[in-house]
Every structure is written in structure tokens, then in C-alpha cells.
Amino acid sequence: MFFDEIIGQPSAVNIFEQVLASSRLSHAYIFSGPAGTGKLLFAKTLAKILMCEDKSGCNVCRSCKWVEKNCHPNLRITSVEKGSKEIKIQAVREIEQELMLTPFSKTHRVFIVNEAERMSEEAFNAFLKTLEEPVKDTVIILVTSNIAVLPRTVVSRCQVIRFHPIEQTLVTRYLEQWLKIKPEDALLLSHLSDGSIGDACKLYEDGLLAQRERLIKGLAGEEPGRLARDIANYAKSHSEDKEDERREIIWQLKIIGLFIRDALWLAQGLPDNKLLNKDRIPEVKQYQRRYNNRLERLMERLLKSERYIRLNANTSLVVESLLIA
């Protein structure tokens, strides 16, 4: 089938199977949903189908291979440039200029704007004109994790396709089958990523599982100050800016949260085989015995700490107060 590569988005797949069968393709779409749920992959898959030499997305013909490598002359993917925080008006001007050119082949042309919510106000205003003047056999796809910040004038001129968090079992299966991750690690990553295959893969590639080992050792130890420094150092070494650093700290707090939740479950009589940290049961039991009467309070403070960090509180102070108190 056309969309065999797409995991956990039956609604979007069903919509486009009908669209392709009836040849009723819109000139502009918004793919909206949480990060890491396959929106960009879906957009590229659609482009592959529309440009494929046998119209099936065969993955074998020259066109399919070009789309896979992001080098098809009829495909343009616009993203935030490295070192920039937004998609600037110049990027939209380049799309407009390309729209005026004769296509490379008689297939569709596809223009994808990734992280469309990061377009500048000027870029949005310029893009509105592009949407108001559709070009034959051209499809524009805005990919966004935050449709609320897109101007209503832009949204109203596009067909919105919703993407949803992927079922945890599907994320786990994907990690086991394609990345060859151990079942217990795949299960943990699927819980951490909240239905985002993209996030799960990134966490694995960034070495978060190795950091998990250090976090658990730190929780079992008696040096909360050292653990706080380790959390901060890991976040800084895996970040390009302050926003990235906050996200990395939140991931680590989520790992700590799953560990504390296991301890809570043990305190409530849940059997060992139901725990998420199956490979660290002795450490969970040790932690549960040490903090048995404080586990619920610790979990509440952990959730508050995560909320404070999202609200731009001082990360060092938040983490230190959480672990030392």
C-alpha cells in the first residue's frame, strides 16, 4: 500500500487513500500534531507517491530515490536554518520564485515547510499570497506541532490533517524491530516519549539510556548535589541553546519520575513484573524502603519542578532544591 511506512496514523492514511483514489488533492495542507508523530515523514511519503514514475511510491524508481534523498527538483523542504530561530521572509520569497519556474517533470510539485509555527510574521504575511494564488499540480504542506500560533488567515486556506500520539505498543514494537533495542529499554523509551517515535529515537541516539544508569545510581547514593550537577552537565552537553537545555533536563526528570513511580507501585503492593524499571528492581526496592513515607510528596515536587522549568525558572535552583530537600 501507499503508506506502509507510516505507523499509528490510520486517520491520515485513510484520508489520503481516498484523496488519491478520487484525484481530489487540495492545493494546501496543514499537518498538525505532536512532535515525532510522523508528520514530516508522511509529507515526504505523499511527495514520493505524487512524483513516482508508476504513481505508487515504489521506492525503486529514480523519482522515489530522489525524494528519499531530498534532492528531487520538484520537491522543496523549507526548515529553520541552522543558527536561526525562525523561518524568515527570504525563504518564502524563494518558494515564490520557484513557483514561477517550469517544473522539472510533469508530475506534481511539492513544497513542504517544516516547523511552520516558526515562520516570522513577515514570512506568514508573504506566504498568505502564495496560498491565495494556487498553482496547478502544486501541493503546499505546512508541518507544525503548534497550529494555535499559525494565523487564522493561513489556516483557513489549508486543509488541516490531524496527527495523534502513537500507541505505546506500536512505539515499543518499532524500537525493538527497527533499532534492535532490548524489550525493557524499548518499553521505557516508549513511556518517556509519550507516543512520539521521533522523540524515542532521539532519546536513544542521544544516549539517554546511559544517562539513566547514572541517574539511578545517583538516586540510590547519598550525594544529591553531585546528582544535580550531573543532570546539568548532561543537559548542557546535549544542547545548542537554553531551550534545548531545559528540554534535556525535563527528559531526565521524567526518568526520575518513572523510577519514583515504580517505588510508589511497590509500596502499594504491585508485583515486580509490573514495574517499568525491570532491570533495576533492587535499586527501586532500596529507594522505596528509604523514602516509603515520602514517595507521594517526592512525586508531587517532581511534577512541580518540571512545571517550573517549563515556565523558565532557574534550572539549577529547581533541580538542586528538588534533590536536596
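I began with a cut-off: buried means under 20% relative accessible area. With that in hand, I opened the model, which is a predicted one.

**Entry one: T107**

I looked up T107 and found it in the loop between α4 (89-99) and β3 (109-113). Is T107 buried or exposed? Its relative accessibility is 15%, so T107 counts as buried. Next I asked which residues T107 is in contact with, leaving aside its neighbours within four places in sequence. I noted L50, M51, K55 and N74.

**Entry two: D137**

I moved on to backbone angles. Most residues other than glycine have a negative phi. D137 is not a glycine, yet its phi is positive, near 60°. Where is D137 placed? I traced D137 to the loop between α5 (121-132) and β4 (138-144). I also checked its accessibility: at 37% relative accessibility, D137 counts as partly exposed, since that category sits between under 20% and over 50%.

What is the phi of K180? I read a positive value of about 55°, and K180 is not a glycine. K180 is found in the loop between α7 (168-178) and α8 (183-193). Its relative accessibility is 66%, so I wrote K180 down as exposed.

**Looking back**

My notes now hold a buried residue, T107, a partly exposed one, D137, and an exposed one, K180.

How values were computed
Residues are numbered from 1 along each chain as its sequence is written. This is a predicted model: local features need pLDDT of at least 70, side-chain atom pairs count only at pLDDT 80 or more; totals for chains, interfaces and linings use all residues. Side-chain values use heavy atoms; hydrogens and water are left out. Helices (H or I, at least four residues) and strands (E, at least two) are DSSP runs, numbered from the N terminus. Buried means under 20% relative accessible area, exposed over 50%, partly exposed in between (1.4 Å probe, protein chains only). Contact means heavy atoms within 4.5 Å.
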